[in-house]
Amino acid sequence: MSDSKNTLNQRKQNALPRGNAVMCDWYASKAENATLWDTEGREVIDFAGGIAVLNTGHRHPKVVAAVKEQLDKFTHTAFQIVPYESYISLAERINQRVPVEGPAKTAFFSTGAEAVENAVKIARSYTGRHGVITFGGAFHGRTMMTMAMTGKVAPYKQDFGPMVPSVFHGRFPDEKEITVEQALNSLDDIFHYDIAPHNVAAIVLEPVQGEGGFRVAPNAFMTALRELADKHGILLIADEVQTGFARTGTLFAMENFDVKPDIITMAKSLAGGFPLSAVAGRAEVMDAPNPGGLGGTYAGNPLSIAAAHAVLDAIDEEQLCQRSQQLGGELVSCLQELQARCPAINEVRGLGSMVAVEFHQAEVARKVQAAAMEAGLLLLTCGQKGNVIRFLYPLTIPTDQFRQGLAILTQALQENAA
């Protein structure tokens, strides 16, 4: 018999540093598709998806089967020492689908932060420049480079000393407080006050900001960034770590815009719960670093590669892009109906199934989240002020269970946001 929840919480407090913040006070014992069970047998509907990692659900049968098959072959060789075909064929599959101009190439890593860091390395190598421009509200990772690129101080940047230099933050438009024109003017200010455009290697942005509150980049802004990048010889990098693999209703979120980036980073749902990330981009750009300049001991782990092949199969065979649009449309309709009765709701927004509801006050978001959790629905908050609830349910969730989750959400909103 496992330890009680209280005992486990005490053990966690004794064994782990304070910096390892944990949201839930209960512990997972098993999971299947969109359902979690804790160590005390309680069942929870998962609308968090391991922070956007489980677009294909917990333990998708195709993913489990692929990893088991690979487990019987080999678990590690280090691709840069002894290569394997599955890595190459996965790169080929991504190269065919990634929305960049012309032939593409792909390299694999382990984490989203690694992907972003390597994208910056590639951009610097290709352009011979050092500057990087990102945006307020952005989240790009927790390493020293990606922490500097992240546009939120607490809890990610405070108390960690000087940030990596040559990173500058523009304003991200939300069409309410910051217009596209104001956001573009902030980039002009950077060019006048901080760094000359001919010293900038890349502009990096999330097509839909993740931790920043699921704010969708306006198409006009994306088009203007592409024009600005082309004018000054700057590379445009789309950070699709959270938006990729059917979450927004297309395989990549950039397919929703009228322009194409030079490089795309991806991770999270790429491998259905196994650690894998990738950088894909225009072939001539990706070829800039010298041999040995890219890599990593665990980069492109064969178990994760096998899982990613299964994820791509599942997305296509189960039409998860269409499913994302369908579920997201139903969720948005539900939230918009509730908005008319719940004055605490400020805005409903999103793309596909990357949907969020923003409240006027963070306290309301916390109360709704807590009430939903008490009723068996796991939700995540986000946003610069912590006043946004985001929805990251598996796209494979059964319709009845999805609507059960919406019923719990509706009750929580009516009780705490009316």
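Tutor: What follows describes the interface between the domains.

This is a predicted model, in which local features need pLDDT of at least 70 and side-chain atom pairs count only at pLDDT 80 or more, while totals for chains, interfaces and linings use all residues. Residues are numbered from 1 along each chain as its sequence is written, and side-chain values use heavy atoms, with hydrogens and water left out.

The protein divides into domain 1 (3-59 + 319-417) and domain 2 (74-318), with bounds that come from an automatic or database domain assignment. Taken over C-alpha atoms, the centres of domain 1 and domain 2 are 26 Å apart, and the contact (heavy atoms within 4.5 Å) draws 32 residues from domain 1 and 34 residues from domain 2.

The area buried between domain 1 and domain 2, meaning the accessible area (1.4 Å probe) that two parts lose on being put together, summed over both, is about 2,700 Å², and carbon and sulfur atoms give 54% of this area. Of the area that domain 1 buries against domain 2, L351, M354 and Q384 supply 27%, more than any other three residues.

Turning to polar features, the interface of domain 1 and domain 2 holds 27 residue pairs in polar contact, both residues being at pLDDT 80 or more; a polar contact is a pair of N or O atoms within 3.5 Å, where within protein one must be able to donate a hydrogen and the other to accept it, and residues adjacent in sequence count only if both atoms are side-chain atoms. Across the interface of domain 1 and domain 2 there is also one salt bridge, defined as a side-chain nitrogen of Lys or Arg within 4 Å of a carboxyl oxygen of Asp or Glu.
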